[in-house]
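Please open the model in your viewer and keep the selection panel to hand, as this tour moves from the whole chain to one pair of packed elements.

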Amino acid sequence: MVQYFEEINNWVEKNKDEIASTLSELIKIKTENLPPKGNEKPGQEYLYNFTSKFIDSKNLDLFEIEQIEGLREHPQFFPTMAGMVKEYEDRPDLVAKLPGKKGDRSLLFSGHMDTMPAGKEDWEVFSDPVSGKIKDGKMYGRGSLDMKSGTLSGFYALKCIHDLGIELKGDLYAESVVDEENGGVNGTIAARLRNPDIDFAILSEPTGLVAGIETIGGSDWIAKVAEEGPGGIGTDIELINPIYKLARVARALEKYDKEELPKEKPPKTYRSDMKLRLLTYQFASGGQTYLESGAVPKEGHIYFWLETFAYMKEGEIREKFKNFMEKELKGIKGKMPEFGTVIRFMKGHRTDTSHPAMVSIRNAYKDLGLKYEQRGLGLAMDAYGFKEASNTDVVVIGPKGANPHGTDEYVEMDSVYNLIKMMALAAVDYCG
Ligand SMILES: [Zn+2]
């Protein structure tokens, strides 16, 4: 049994109400990612104030990410989104450190503060999309699952260790980064460059407490069609119609999803039926309403999301996709559609499962009587940025819930309490 098991278990049990009300407050503070800007600051300040009650200000680091030397030059820094230059003023990362006694093995709990916008659809369980209210043990609100509960859990694990007066040998960190959604990742890169030598990290994106030892990659793409000539309805010219061309592109995308992607063999960490996806998100040409119609348009586009496994190489994927499209669109009239990515090309990540921190994590599960399960996740996220920009390996373990990015997003509070216990126990075992 990990030392301090009883103490840690009891501490979390005793503090459940306080944890829930802190999380509720944090959900009520809107921190939407609104490219090219973001709105994380009030959330970061709330978390700073919360943490300053138990961590010395000299171990609390709230920094503007653009102050980090080498960030803009780093190969993983990606400055734009759909051509818009991202703006990072007033979007600080927050890192809290519980210093160890003698610089032994260090551990980090990582999460992001930004959320997707609440969306236009009505929320049903509680109409307020940032209610932070609980029904049947589930707390609702945008960001409840993705991922304020996970982010806050890391800070509570530090508080637990601090309040119990447990002295660790190695340093223990919790961080809350900005701009992860929409293929951001620049806040994560900044945090890695700030503290590049932390040994291991637990990234608490939602996994239902499964240990995510592999993540997929992916990117948002555009298929762009632009025709020469005046468009319109003229009878003396041939009107090449981008709508028909886009329709052919759409059919080809469907074929790529249904026939090509299933040929990509899933790595062993996934179930054998795991399949990458191509999701077509938007089809646009000739306006949206009747009043905008009345002429053959000259241009149009399709947006889509294309997934990759961690072992696949960016250059090869681009080549393969391009060749497939050229074949499918052969003989097309006028200009060929153009294909390109509109956000960064996110890679997948594989965790070194023989890392000693993974042993500590499994020990924590055992003590808590929780079933330990590890596998690949069908999610793309900033995990790959850890090894690209620092010496920190990372595993993804987060709470249970449903509807991230959708309406009625919620997190199951019991999974949050278990996550905090697991984090604190793993820290004692690993940094102990
Ligand atoms: Zn997330």
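The domain bounds used here come from an automatic or database domain assignment. In this predicted model, select residues 5-205 together with 381-431 for domain 1, and then 216-341 for domain 2. With both coloured, note that the centres of domain 1 and domain 2, taken over C-alpha atoms, are separated by 35 Å.

Next, show the whole chain as a cartoon, in which 10 helices and 20 strands can be traced. The radius of gyration is 24 Å, close to the 22 Å given by the globule rule for 432 residues, so the chain is as compact as a globular protein of that length. If you turn the view along the principal axes, the C-alpha atoms fill a box of roughly 85 × 45 × 40 Å.

Now select helix α1 (residues 5-14) and helix α10 (residues 413-431), whose axes lie 10 Å apart and which pack at an angle of about 150 degrees. Because angles over 145 degrees count as roughly antiparallel, α1 is described as roughly antiparallel to α10. The crossing of α1 and α10 is right-handed. To see the contact itself, display Phe5, Ile8, Asn9 and Val12 on α1, and on α10 display Tyr417, Ile420, Lys421, Ala424 and Leu425.

How values were computed. Residues are numbered from 1 along each chain as its sequence is written. This is a predicted model: local features need pLDDT of at least 70, side-chain atom pairs count only at pLDDT 80 or more; totals for chains, interfaces and linings use all residues. Helices (H or I, at least four residues) and strands (E, at least two) are DSSP runs, numbered from the N terminus. The radius of gyration is taken over C-alpha atoms; the globule rule is 2.2 Å times the number of residues to the power 0.38. Axes are lines fitted to C-alpha atoms, for helices over the stretch in contact, and angles run from 0 to 180 degrees between N-to-C directions. Angles under 35 degrees count as roughly parallel, over 145 as roughly antiparallel, 65 to 115 as roughly perpendicular and the rest as oblique. A crossing is left-handed if the near helix is turned anticlockwise from the far one by less than a right angle, and right-handed if clockwise. Two residues are in contact if their C-beta atoms, placed from the backbone, lie within 7 Å.
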